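Notebook open, structure loaded. I'll jot down what I look up as I go.

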Amino acid sequence: MHIVKQLMSIPGVIAAGEYAYRGDRFSYEGALTDEFARMASILCRGNTLSVNMQSEIFDSFAENCGCRPVQGWIVRGDRITVCAVGNYFSFIENRDELLNDVMTIMRAKVGDVQDDLLVNLYAKLGGDTKEALY
Amino acid sequence: MNLDKMMDLPGALAAFTYSDKGELQSHVLREGTELTPQVLDLLARSCVANLAIASMEARGWEAVTGQTGFQPLKGFSVVGLEWSVVVNGNCGVVVRNRDIDYEASFKAVQAG
């Protein structure tokens, strides 16, 4: 089953989606409008690139310290949590055990994010990724 | 803040506290971990920055969309390849991914 559909079948998952490239190419399901999903995609891509940049700095201090490449991030809100793994995101309610279940599914389904995040993100466009990037 | 209690979390590799500016104030490291106080200091600084950014985004998101439930923030986590760091307020814990209980970790740093 596709990861977004699998996430949406869990009670308490508000919305889930996938983004690529500049963050404005996206697909989603759940309680978001197209415009809010576009904003969420841009926000998630920005944060993902930011924490990846930080992990490269950690790596220069302590090579192979176990942080890089970053797999994702979580923002725990008062009643809602946002999870991002690779180029997928989900908005979930703060229910018992839901965060652990969602993270387990996202990590298992997305797999380990490889070293070059931008190549991963651009690859969703199809065509010659290296030409588009470099 | 009880760092020893945070180190009781399954898979905990390090627990630490930091100032509002992100300076490492105290820490406990699991023996044998690759982490160093220098990495924890950098981690603490990045966590302060990330919490501030997340807080700004939560505020903006609520204002633009009208959705509620994000503020006040209860924590932030970066999921690395082998471990995750979970932070809130002025304390954080680094936990091995294969053992991590994210909810327990967030609860621990909220209590800290």
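Before anything else, my burial rule: I call a residue buried if 20 or more other C-beta atoms lie within 10 Å of its own, exposed if 12 or fewer, and partly exposed in between, with C-beta atoms placed from the backbone. Helices (H or I, at least four residues) and strands (E, at least two) are DSSP runs, numbered from the N terminus.

Housekeeping: this is a predicted model, where local features need pLDDT of at least 70, side-chain atom pairs count only at pLDDT 80 or more, and totals for chains, interfaces and linings use all residues. Residues are numbered from 1 along each chain as its sequence is written, while chains are lettered from A and ligands numbered from 1 in the order in which they are written.

Entry: α3(A). I find A:Leu99, A:Val102, A:Met103 and A:Met106 buried here. Down the axis of α3(A) these fall within an arc of 95°, so they line one face of the helix; the arc is that of the directions from the helix axis to the C-beta atoms. On the face turned away from the buried side I see A:Thr104 and A:Ala108, both exposed. Just past the helix, A:Gly111 has a positive phi of about 80°.

What do the buried residues of α3(A) pack against? I get α1, β1, β4 and β5 of chain A, together with α3 of chain B. Contact here means C-beta atoms, placed from the backbone, within 7 Å.

Entry: α3(B). I list B:Tyr102, B:Ser105, B:Phe106, B:Ala108 and B:Val109 as its buried residues.

Entry: the interface. I count 31 residues of chain A in contact with 31 of chain B. On chain A's side, α2(A) gives the largest share, eight residues. β3(A) pairs with β3(B) in the antiparallel sense over five bridges, pairing needing at least two DSSP bridges between the strands. I looked up one partner: A:Ile74 bridges to B:Ser77.

Entry: B:Val39. I place it in α2(B). B:Val39 is buried, with 22 other C-beta atoms within 10 Å. Leaving out residues up to four places away in sequence, I find B:Val39 touching A:Phe58, A:Phe61, A:Ala62 and A:Cys65.

Methods: Two residues are in contact if their C-beta atoms, placed from the backbone, lie within 7 Å.
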